[in-house]
Structures are given as structure tokens and as C-alpha cells.
Amino acid sequence: MTRRRWLLGLAALVAVVLVAGGAVVTTRLVSRPSPGPVAGPATPSPSSPAPTTPAPVTTSPTPPPGADLKGPLNLLLVGVDTRVSVPGWEPHADAVLVLHVPAGLGRAYLFSLPRDLVVDIPAYPKAGYPGGRTKLTHAMSYGSRVPGDKAHPSTAQGYELLRTTVSRYTGLRIDAGAVITFGGFDKLVDTLGGVDLYVDQRVASIHRRPDGRYRDRSGSTYTGPQMVYQPGNRHLTGWQALDYARQRYTAGGDYTRQRHQQQLIRALARKILDQGLARDPDRVEQVVAALGRTLVYVGGGRRLVDFAYALGGLPAEKFVLVGLPGDAVGSGGSYRGEQLLPVGRDFLAALRGGDADAYLAAHPSLRVRS
């Protein structure tokens, strides 16, 4: 089996980074003084009339970008498996997260949808897809197909079909989103100086040795020493953070992997805010430069700076991480995918109705705390 490039779900982190960067740009836009002539004091001639005091000019302040964005807002954050070395490889949505920001923009809820969630994917004529009921991850790959050009799938098309699918499943309008590929993430974390994270359970890496090198493979079996992440407070470098959040063959399976992804996102968001990136344009440029072409921003007709200004004041501690439990769906003894349990589906209904806090208070096990 070809090694899968699990993409983390760190598109949410990318959104936070871009919010910080956009906030800097916004500050420059709204605080830049108006250009005007600069001159020294004039010396009046004897024949010149006495100078008069000019009347004050009243100007209306220019509203900041995104001033009309009051919420609620929903951002779709996607990590895609794109193997650029394989001609015609279709992008797969390996991590799908939704960031919901209620009206007032003072709080945010981040939750994951299982990549193998069984959903109804609508027809998408642009890609020649007739529609069907299958795993959520396939919405990205089916939507990316370009009729007559198999060698050049379109990630933008794939996102469009995935967005529609997620919107219909959750009942949430998707306002904007981001797609991030595998490459460049470890460099991003290293640019931030690593990340401090509480490891909540022992995780043995399938892919890496303790020194970071990839383990040897014989067919589908990995051999050799393993990197092991022991419980406790840890400082992770870029490759370690990437590796840790990829592991799903551990207690709890893919649901544990989703939890670890969210914890990593929160830890990185805190570090971004603690470092004051929004007040340091040079550091922001370093972070964004680390992403390069690994990021695609999809704004739904709105500029990035609009969302940046609207969300730039949201503190990391107001990010509420939510884990939606699920179980396997089978047919005739075969595995078809995953489904959310009723408690998870009811959370989505509470989110739509503006009752998320009350629902989480009644179901505290849904909160991802560590």
C-alpha cells in the first residue's frame, strides 16, 4: 500500500496565520496617513494679506475592511492528500474541519468531520459526477476531475463540491475556506520555533525513526526503530508535529487523530498570539512565506483582509474544540465508512440554533480539553 500523506487538518492553523497577517495589512490600510505636500513655514511678503486660519475639514473615517461581517461565520478548512509526483493524482480530503463563529465574533467552535463519513454527495456536472452516497473524502477527488484532461485535476473544483457536500450535511452556510497540502507544514512549524503540546496518550509513529528519518518498508510493513511520543508536556519540532498528528493506528483510531489535530491547532494558535505576530509584520511574512504554494484561500467573494479584520481580535482561549463521536457503518459484513452518533448530529443542530454553549454544558464529554 502506498504511504498516505495524512494532511492534519492544519488548514485551521493556516487560517489563524492568515488572520494575523491580514490584521497587519489591515492596520497599515486604516492607519496610513493621507499623503499631502510637505512645506516649511512661509514668510509673508509686506504686500501679502494677513494669513487666515483655514476652516477645519471634516472627513468621515473609512470603515475598516470587513466591518459589515458580524457573524455568524463558517469557515471550511481542508487538508488534502496531493501527490504531485503521480501524474493525474486526484486530491483527497484527508482532514475536514469547520470553524463556526457565532454572531458577535467573540467565540469560535472548531470540529472535525471524519474523512470516511458516509454522506450524500450531490451531482456535479462540471466534473461529470452524477452524485451518490459515499465517503466524504471522495467529494474532493470526484469534484476535481476535469473532463478531457485527466492529467490535470482541479483542487478548486474539488473544494467546491466538498463545500456543497459539507454545507448540506451540517446545515451551515460556508462563507470561506482554505485548502492546504502536505508540503511545507513542517517548515511552517519550525518558522514559529516549534510548538509546545500536551501529549495525552502514548503514540508510536508508524512512519518515523527517533532521528526523524523515515522507517524502512517491506511491502506494506514498516520496520526499524520507531519514534514514540510519550504522555506529558512536549516541545515538538516541525517534523515531529506533522508526524504526531498523522498517526491514526492508535487507541481510538481516526477519532483520536482528529483530537490530536485539533489540540495541535490550538497550541499553534496560542503560540501565534503569544508571539504577537499581528504586531510584527516581518515575522508574519516569514510564516506566510513558509506556506508558499501549499495554501489555497477560497473567499466566497470576500477578500481575505475582510475576514482577517473581523476575526483578528478573537483570542486563542475562545477557540472551543469539539469532538464529534461516531462509529462504523457496515453493509453485508463489509466496512462502508463512518457515521456520527446522535449526540454529534444533535450538536450540529444546536450550533445552527445558537445553543452550542448550553448543549456542550449538558454534554461535556464533547469538549476536547487537553
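Predicted model: local features only at pLDDT ≥ 70, side-chain atom pairs only at ≥ 80, totals over all residues.
**Notebook: rings, cores and a cavity**

Residues are numbered from 1 along each chain as its sequence is written, and side-chain values use heavy atoms, with hydrogens and water left out.

Next I looked up the aromatic pairs, of which the structure holds 4 (rings of Phe, Tyr and Trp, the last by its six-membered ring, with centres within 6.5 Å; planes under 30 degrees apart are stacked, over 60 edge-to-face, the rest tilted). Phe-111 and Phe-347 form an edge-to-face pair, 6.1 Å centre to centre with 80° between the planes. Because Phe-111 lies in strand β3 and Phe-347 in helix α9 (residues 342–352), the pair ties together parts that are 236 residues apart in sequence; helices (H or I, at least four residues) and strands (E, at least two) are DSSP runs numbered from the N terminus. Both Phe-111 and Phe-347 are buried, that is, under 20% relative accessible area with a 1.4 Å probe and protein chains only. Together with Tyr-359 they form one aromatic cluster.

I then turned to the largest nonpolar core, which has 38 residues, and found Phe-111 and Phe-347 among those that touch the most other members, along with Val-78, Leu-113, Leu-162 and Val-166 (a core joins buried Ala, Val, Leu, Ile, Met, Phe, Trp, Tyr and Cys residues through side-chain atoms within 4.5 Å). A second, separate core of 17 residues includes Leu-69 and Leu-105.

For helix α5 (residues 238–246), I noted that 9 of the 9 residues are buried, so the helix is largely enclosed by the rest of the structure; Trp-239, Asp-243 and Arg-246 are among these buried residues.

Last, I checked the cavities, and found 3 of 30 Å³ or more (on a 1 Å grid over the protein atoms alone, sets of points where a 1.4 Å probe fits but cannot get out; lining residues have an atom within 4 Å of a point). Strands β2 (92–101) and β3 (108–113) and helix α6 (253–274) each supply at least two lining residues, with α6 giving the most, 4 residues.

Notes: 1 Å grid on protein atoms, 1.4 Å probe; cavity = no way out; pocket = protein on both sides within 12 Å on 5 of 7 lines; lining within 4 Å. Points joined across faces, edges and corners; volume = space filled by probe spheres on them. Buried < 20%, exposed > 50% of the residue type's maximum accessible area, 1.4 Å probe, protein only.
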